Amino acid sequence: MNIGPLLLMLVITTTILINYLNNRCPKCKKWQFKGFNRVDEETAGELVTVYCPRCSHKWSIKYKKSEFQPTNETTTRD
């Protein structure tokens, strides 16, 4: 028996479980697949305020910007 399909199912299950635990409203326990709506669009610090569209509960989450952001470098052609 190959271990590849079992490992793939384990990774997918773990990813969905982590997404479920991170993207739940602490008040009404509603799960948002893509995350919650942000109150402020700018990230001034590490904390970002989000809200639940179902119960309008607001809370702060820790947000870390990705280090792998695309760079807009202009290239000149000769």
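Reply: A disulfide is a pair of cysteine sulfur atoms within 2.5 Å. The model is predicted, with local features requiring pLDDT of at least 70 and side-chain atom pairs pLDDT 80 or more, while totals for chains, interfaces and linings use all residues. Residues are numbered from 1 along each chain as its sequence is written, and side-chain values use heavy atoms, leaving out hydrogens and water.

Me: Which cysteine sulfur is closest to that of Cys 25, and at what distance?

Reply: The structure holds zero disulfides. For Cys 25, the closest cysteine sulfur belongs to Cys 55 and is too far for a bond, at 3.7 Å.

Me: Is Cys 25 buried or exposed?

Reply: Buried means under 20% relative accessible area, exposed over 50%, and partly exposed in between (1.4 Å probe, protein chains only). Because its relative accessibility is 0%, Cys 25 counts as buried.

Me: Which residue in β3 stands opposite Val 50?

Reply: Strands are DSSP runs of E with at least two residues, and helices are runs of H or I with at least four, numbered from the N terminus; two strands pair if DSSP finds at least two bridges between them. Strands β2 (residues 47-51) and β3 (residues 58-62) run antiparallel and are joined by five bridges. They form a hairpin with six residues between them, and Ser 56 in the turn has a positive phi of about 60°. Opposite Val 50 in this pairing stands Trp 59.

Me: Is Leu 10 buried or exposed?

Reply: Leu 10 lies in helix α1 (residues 4-22). Since its relative accessibility is 53%, Leu 10 counts as exposed.
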